[in-house]
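Biologist: Please take a close look at one part of this model for me. I would like to start with a single residue and then move on to the sheet.

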Amino acid sequence: MNIEEYISSGILELYALGELSGSEKAEVEQMCEAHEEVRVELALIESTMGVLAQHLATAPRPALKDQIKSQLDLKSSEAKEIQMPVKQTEKPFSLAIAASITIAILTSGLAFYFYSQWQSAEDQLAVMIAQNQEVADNYRFVNKKLESLETDVEILGNPNFARVAMNGTENSPGSLATVFWNSNTQDVYLKIQNLKDLTQDQQYQLWAIVDGVPVDMGVFDNGSDLLKMKSVAAAAAFAVTIEPRGGSKDPSLETMQVVGTTEV
């Protein structure tokens, strides 16, 4: 039996009417699955039967509706109002929000506390660093002073240095200074005992008298330290004058403050 003969055999109409046995229904479903022509024909038959059933359907009696309402205890068509249960607010959600706010406040408080502690520690560290720097500066100053004093003691007590006292002139009778001169090494040091203070544009200048000619030995400001001056091999005398700051090529004799002769 080919497909056309199968379709025209009437088995599809019996399938749509539900009049086939289980094995016959299975056979029709297998044929629908295997052949599209059978599947389309069966769909057409079922659609046609549905339309025909609606056209031939008989309307129910009007009294049937009242009978059904009576059985269901529905005397009127008004719908009963049904009270729906009100949903309760989800408390866990509110608790979560409250917990989040609390945690945020605590976190902010802790952050401010630790920031304050850190700021205080930083300030203390800055103070300690400044104090340590001051101690280091004082140590360097004292150490330098001790080295200077050791040099002074070494020079002042060295017999190789000739001590040349320079007394005040008529310009400054109370002035006093001393030159320590080593003729072998030609080193010259100056120790000020008493000289007056000068203006900012003035400076003292030391001169060595060599063969009757003044030789520049360097300029200096008033102070108490032992000053290292320029070297000289031979000198008949030393003198100090007041000169413009930076010194002069030739001494201003009218400003001479102290003078002293050597024994060489």
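Modeller: In this predicted model, Leu149 has a relative accessibility of 44%, so Leu149 counts as partly exposed. The limits behind that word are under 20% for buried and over 50% for exposed, with partly exposed in between. Leu149 belongs to helix α6, which covers residues 91–156. Together with Phe141, Val142 and Leu146, Leu149 makes a nonpolar surface patch of about 390 Å².

Now to the sheet. The sheet is open and has 8 strands, in the order β5-β4-β7-β8-β1-β2-β3-β6, with antiparallel pairing. Strands β5 (213–220) and β6 (227–229) stand at the edges; each has a single partner strand, so one side of each has no neighbour in the sheet. From one strand to the next, the twist averages 30°.

Within that order, strand β1 sits between β8 and β2. Ala162 stands opposite Trp181 of β2, and Met166 has Ala177 of β2 as its bridge partner.

Methods:
Residues numbered from 1 in each chain as written. Predicted model: local features only at pLDDT ≥ 70, side-chain atom pairs only at ≥ 80, totals over all residues. Heavy atoms only, no water. Patch = residues over 30% accessible without salt bridge, like charges linked within 9 Å, V, L, I, M, F, W, Y side chains within 5 Å. Areas by Shrake-Rupley, 256 points an atom, 1.4 Å probe, with all protein chains shown as cover. Salt bridge = Lys/Arg side-chain N within 4 Å of Asp/Glu carboxyl O. Helix = DSSP H or I, 4+ residues; strand = E, 2+ residues; numbered from the N terminus. Buried < 20%, exposed > 50% of the residue type's maximum accessible area, 1.4 Å probe, protein only. Pairing = 2+ DSSP bridges. Axes fitted to C-alpha atoms, helices over the stretch in contact; angles between N-to-C directions.
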